[in-house]
Amino acid sequence: MELQQFKYDNKIVKYFVIATVAFGLIGMLVGILMAIQLFLPDANLGLQFTTFGRIRPLHTNAVIFAFVGNAMFAGVYYSMQRLLKARMYSDMLSWIHFWGWQLIILAAVITLPLGMTTSKEYAELEWPIDIAITIIWVVFGINMIGTILKRRERHMYVAIWFYIATFVTVAVLHVVNSFEIPVTMFKSYSWYAGVQDALVQWWYGHNAVAFFLTTPFLGIMYYFLPKAANRPVYSYKLSIIHFWSLIFIYIWAGPHHLLYTSLPNWAQSLGTVFSIMLLAPSWGGMLNGLLTLRGAWDRVREDPVLKFMVVAVTAYGMATLEGPLLSIKNVNAIAHFTDWIIAHVHVGGLGWNGFLIFGMLYWMIPRMWGTKLYSTKLANTHFWIGTLGIIVYALPLYTAGVVQSLMWKSFNAEGFLEYPNFLETVTQIVPMYMMRAIGGVLYLAGAIMMAYNLVKTAKQGSFKAEEAAEAPTLEKKKKIVGGHWHSVLERKPVIFTVLTLVAILIGGIIEMVPTFLIKSNIPTIESVKPYTPLELHGRDLYIKEGCSNCHTQMIRPFRSETERYGEYSKAGEFVYDHPFLWGSKRTGPDLHRVGAKYNNVWHFNHMLDPKSTSPGSIMPPYPWMFTQAINLDETAGKIKALRRVGVPYAKGYEETANDDLMKQAKEITADLATSDIEISEQAEIVALIAYLQRLGTDIKVKSNDQNP
């Protein structure tokens with residue numbers, strides 16, 4: 001059989017590696033800046049661009065899409081060529097993919113601190129960037145599928161299955177969740193509203209974790225772990241069961257992010273059931289990884305690559321045990337909206353993704369540069385300081401989550417809330433926030449050690465941009481008789497891809513279609529009316545400043561919450577909310593019933609100096625909102641866009657909307673003037689006050705005297 005000579009493209013891998021390390025350090029640094037602001041709010045240096053609300057999406061996007069994303073592409077481009085015995089389909093597509101992805105990241109770095117955000121978690125980037133992501137993702141997919149079709153290896157190895165599932169599912173998730181109506185070049189409104197928007201967002205949000213942070217890295221694990229251990233994968237059959245059950249079940253689990261909310265109960269229950277089932281395939285993957293190391297455990301003692309990979313796979317197992325537990329309603333009732341969830345996410349992010357990336361880089365770089373790792377001792381030091389960083393980060397936050405939740409729910413002997421002032425539950429956990437920042441610094445210190453070690457390794461070696469290889473040509477017509485049924489599927493990549501698409505579509509369709517089409521899922525409330533133009537501007541400022549990163553707008557039907565905040569939230573109250581703003585973390589109190597609870601002067605002073613109204617608050621002041629004005633020219637565009645997605649503004653209302661806006665603004669400024677406060681009617685703070693005073697006032701709610 002004739003052997004074909006060809007060359008692997010290492011240059012594209014090298015560039016993705018450089019981007020991975022650089023953006024990893026930047027993303028972690030932004031994370032530490034955020035962590036410090038939770039006990040030292042002035043760490044934003046008085047700038048509007050560096051407040052917690054503005055840079056939280058910058059941190060998540062930098063870490064997920066810039067650090068983990070670039071690492072994923074580096075791992076895929078390196079392993080795929082070798083598993084398929086073929087160079088990537090097109091060098092040009094590889095480079096379009098690389099530079100396109102980096103430009104998307106640059107766009108995120110510019111727009112997010114400027115407050116240009118959709119507010120939807122992990123999908124904050126505005127519509128032009130969403131379009132760019134779609135184009136570049138398709139480029140990646142064409143390059144990948146093209147390489148699979150021209151392969152010289154008949155069977156697709158398990159890693160390739162996971163890469164295919166990643167491409168297909170992320171494409172579906174991103175497109176469906178990004179339906180939005182543009183208002184301006186960098187402002188849009190979600191096509192969906194309220195409950196539907198929440199369901200679509202967490203179908204996306206949960207599965208972005210599944211198919212961006214999990215499936216591609218399981219593929220990377222299936223390639224690099226056996227290579228590093230020099231052992232075959234423990235079980236081929238287990239990998240088949242693990243793959244198909246994981247991708248089918250994962251897609252159903254999104255509603256577990258919305259337990260006890262206004263989402264219909266049947267959808268919540270489906271999310272819970274499938275989340276608990278998810279434990280089996282997740283642990284199937286973990287065990288397949290760990291059992292691959294049978295007979296190689298003695299090498300784990302010396303080899304930093306195996307150390308990182310063992311802890312990564314173990315962290316994956318821990319996070320995927322915790323996920324199903326958190327989706328049980330009575331556990332979720334304690335943990336949701338607290339720092340427990342932040343700890344959970346970071347065990348996965350720092351442990352599974354971070355450590356697997358570090359292990360991959362320590363294995364790959366010496367081979368691409370034809371040398372040995374510069375310092376094994378330094379890599380081992382990185383392992384221990386990184387592990388310590390994860391522990392020091394996560395344990396205080398688990399403690400903080402439980403402590404704060406118990407304080408929220410605590411009643412005294414007379415039946416009143418033990419801690420009626422929400423702030424008491426925050427000041428109690430500030431020391432844990434300090435510990436968390438120390439953990440982050442330790443983890444970053446380890447990453448800096450790695451960057452130094454990898455640069456020194458590269459300097460002592462010689463980079464092989466084109467790595468020579470050879471393999472026999474794949475005979476197209478050859479018929480293979482017998483073998484495992486799945487091996488037949490592995491020889492048919494197009495059918496494999498279609499079946500993957502079918503497997504991931506089923507769950508989403510069954511959960512979403514009834515929520516959209518059956519009206520009884522979201523009972524209408526006649527008294528709920530669209531926002532006034534001024535309130536609309538205020539709502540957009542709430543989104544711009546990232547208020548939903550710290551404040552929820554979802555009162556759950558618990559006595560502890562209705563006593564603290566007022567009547568629980570109803571599905572029909574959110575029908576005009578494009579996008580929904582339920583939030584996922586309470587660093588501050590819930591705001592769904594804050595309307596008419598405090599006077600305008602209180603809100604004015606609270607935004608100017610939070611400590612003046614709430615001593616001990618960790619919220620930063622927002623002085624720029626008192627000098628910056630809203631843009632009245634955008635009012636008409638906002639009204640038109642919302643009318644297109646179903647908000648019942650009268651035809652032609654956009655022509656007179658600013659008159660109503662100014663009338664309402666004058667009422668607020670006149671009220672402030674009675675307390676000797678002079679402010680322009682067009683100041684941002686006036687619009688924000690109008691929006692806050694509207695919240696939760698559309699339905700009659702019981703008065704609550706407990707809330708200070």
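Strands here are DSSP runs of at least two residues, numbered from the N terminus, and two of them count as paired if DSSP finds at least two bridges between them. In this predicted model, a hairpin joins strand E2 to strand E3 through two residues. The points below begin with that hairpin, then turn to one helix and to several loop residues.

- Strand E2 covers residues 180–184 and strand E3 covers residues 187–190, and the two run antiparallel, with four bridges joining them.
- Within this pairing, Pro182 has Ser188 in E3 as its bridge partner.

**Helix H5**
- Helix H5, which takes in residues 158–177, has 20 residues and reaches 29 Å from its first C-alpha to its last, a span close to the 28 Å expected at 1.5 Å a residue.
- Of the 20 residues of H5, 17 are buried, so this helix is largely enclosed by the rest of the structure.

**Backbone exceptions in loops**
- Most residues other than glycine have a negative phi, and most peptide bonds are trans.
- Tyr122, although it is not a glycine, has a positive phi of about 65°, and its place is in the loop between helix H3 (91–111) and helix H4 (127–149).
- Tyr122 has a relative accessible area of 14%, and because buried means under 20%, this residue counts as buried.
- Ala596 is likewise a residue other than glycine with a positive phi, here near 65°, and it lies in the loop between H21 and H22.
- Ala596 is exposed, with a relative accessible area of 63%, whereas Tyr122 is buried.
- The peptide bond that joins His578 and Pro579 is cis, with an omega of about 0°, and Pro579 lies in the loop between helix H21 (559–565) and helix H22 (600–608), the loop that also holds Ala596.

**Ser548 and its surroundings**
- Ser548 is found in the loop between helix H20 (533–544) and H21, where it is buried, with a relative accessible area of 11%.
- When residues up to four places away in sequence are not counted, Ser548 touches Ser119, Tyr542, Leu581, Gly583 and Ser584.

Note on methods:
Residues numbered from 1 in each chain as written. Predicted model: local features only at pLDDT ≥ 70, side-chain atom pairs only at ≥ 80, totals over all residues. Heavy atoms only, no water. Buried < 20%, exposed > 50% of the residue type's maximum accessible area, 1.4 Å probe, protein only. Contact = heavy atoms within 4.5 Å. Expected span 1.5 Å × (residues − 1).
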